[in-house]
Amino acid sequence: MIEIYTDGACRGNPGPGGWAALLRLGEHEREISGAEALTTNNRMELTAVIRALEALTRPVQARVYTDSEYVRRGVSEWLAGWKARGWRTADRKPVKNQDLWQRLDELRAPHRLEWHWVPGHAGIPDNERVDRLANEAIDALSGQRLR
């Protein structure tokens, strides 16, 4: 069973944003992260999960931990309805971040994933770790723009 912790961060909404993921199988760990100059918090939360799933090289069974209710509820409650309505919400508006939701839906298909919500900034070590990595990615992006 692989454990995946993901987080997104944004300074301003929209503003510069970062994402990070930690993938763990037993004693083996891999950290990944990145940033975008102008984005939203929800896009970074989704990107973190997408990048984690893209890092998998074969179908797996995994537990995905996120502090984003948007991601957790989107996957477990809203996604099927959005697809059935042609990527429209219950009140017939276009789904926000449809491009990322479609990519996430495509990537999750070959895997057996359990989705778990964890409270953010509550001292959960691996959630704090990916939060720090996402913010460091923003700092690195900001540093690059200053040069």
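# Notebook: salt bridges, helices and cores

**Entry 1. Starting residue.** I began with R108, which is partly exposed at a relative accessible area of 25%. For accessibility I take buried as under 20% relative accessible area, exposed as over 50%, and partly exposed as in between, computed with a 1.4 Å probe on protein chains only. The model is predicted, so local features need a pLDDT of at least 70 and side-chain atom pairs count only at pLDDT 80 or more, while totals for chains, interfaces and linings use all residues. Residues are numbered from 1 along each chain as its sequence is written, and side-chain values use heavy atoms, with hydrogens and water left out.

**Entry 2. The partner of R108.** I looked up the side chain that R108 meets, and found a salt bridge with D105 at 3.0 Å, N to O. The term requires a side-chain nitrogen of Lys or Arg within 4 Å of a carboxyl oxygen of Asp or Glu. By this rule I note 17 salt bridges. D105 and R108 are 3 residues apart in helix α3 (residues 98-108), and about one helical turn separates them. Helices (H or I, at least four residues) and strands (E, at least two) are DSSP runs, numbered from the N terminus. An α-helix has 3.6 residues a turn, so residues three or four places apart point the same way. D105 is buried, with a relative accessible area of 14%.

**Entry 3. A second pair within a helix.** R73 forms a salt bridge with E77, and their closest N and O atoms are 3.1 Å apart. These two residues are 4 residues apart in helix α2 (residues 69-84), again about one helical turn. I recorded R73 as partly exposed at 33% and E77 as partly exposed at 43%.

Entry 4. Which residue does D126 meet in a salt bridge? I found R24, at 2.9 Å from N to O. D126 belongs to helix α4 (residues 125-146) and R24 to strand β2 (residues 15-25), and the two are 102 residues apart. D126 counts as buried at 15% relative accessibility, and R24 is also buried, at 16%. I then noted that D126 and R24 belong to a network of salt bridges that also links E3, E29, E31 and R129.

**Entry 5. A21 in strand β2.** I next looked up A21, which lies in strand β2. A21 is buried, with 0% relative accessibility. Contact here means heavy atoms within 4.5 Å. Leaving out residues up to four places away in sequence, A21 touches Y5, T6, R30, E31, I32, A48, A52 and V130. I also noted T66, which is 45 residues from A21 in sequence and 9.7 Å from it in space, C-alpha to C-alpha.

**Entry 6. The buried face of α3.** I listed the buried residues of α3 as L100, W101, L104, D105 and L107. Seen down the helix axis, they fall within an arc of 165 degrees, so they line one face of α3. The arc is that of the directions from the helix axis to the C-beta atoms. Among the elements that cover these residues are α1 (41-54), α2 and β5 (112-117).

**Entry 7. How α2 meets α3.** The axes of α2 and α3 are 11 Å apart, and the helices pack at an angle of about 95 degrees. The two helices are therefore roughly perpendicular. Axes are lines fitted to C-alpha atoms, for helices over the stretch in contact, and angles run from 0 to 180 degrees between N-to-C directions. Angles under 35 degrees count as roughly parallel, over 145 as roughly antiparallel, 65 to 115 as roughly perpendicular and the rest as oblique. On the α3 side I found W101, L104, D105 and R108, which meet Y70, V71, G74, V75, L79, W82 and K83 of α2.

**Entry 8. Nonpolar cores.** A nonpolar core is a set of buried Ala, Val, Leu, Ile, Met, Phe, Trp, Tyr and Cys residues joined through side-chain atoms within 4.5 Å. The largest has 31 residues, of which I4, L23, L53, W101, L104 and W115 touch the most other members. Two or more residues each come from β1 (2-10), β2, α1, β4 (61-66), α2, α3 and β5. Which element gives the largest share of this core? I found that α1 does, with 7 residues. Another core, of 10 residues, lies apart from this one and includes Y5, A9, L22 and Y65.

**Entry 9. A loop residue.** Last, I looked up S68, in the loop between β4 and α2. Is S68 buried or exposed? S68 is buried, at 6%. Beyond residues up to four places away in sequence, S68 touches E45 and W117.
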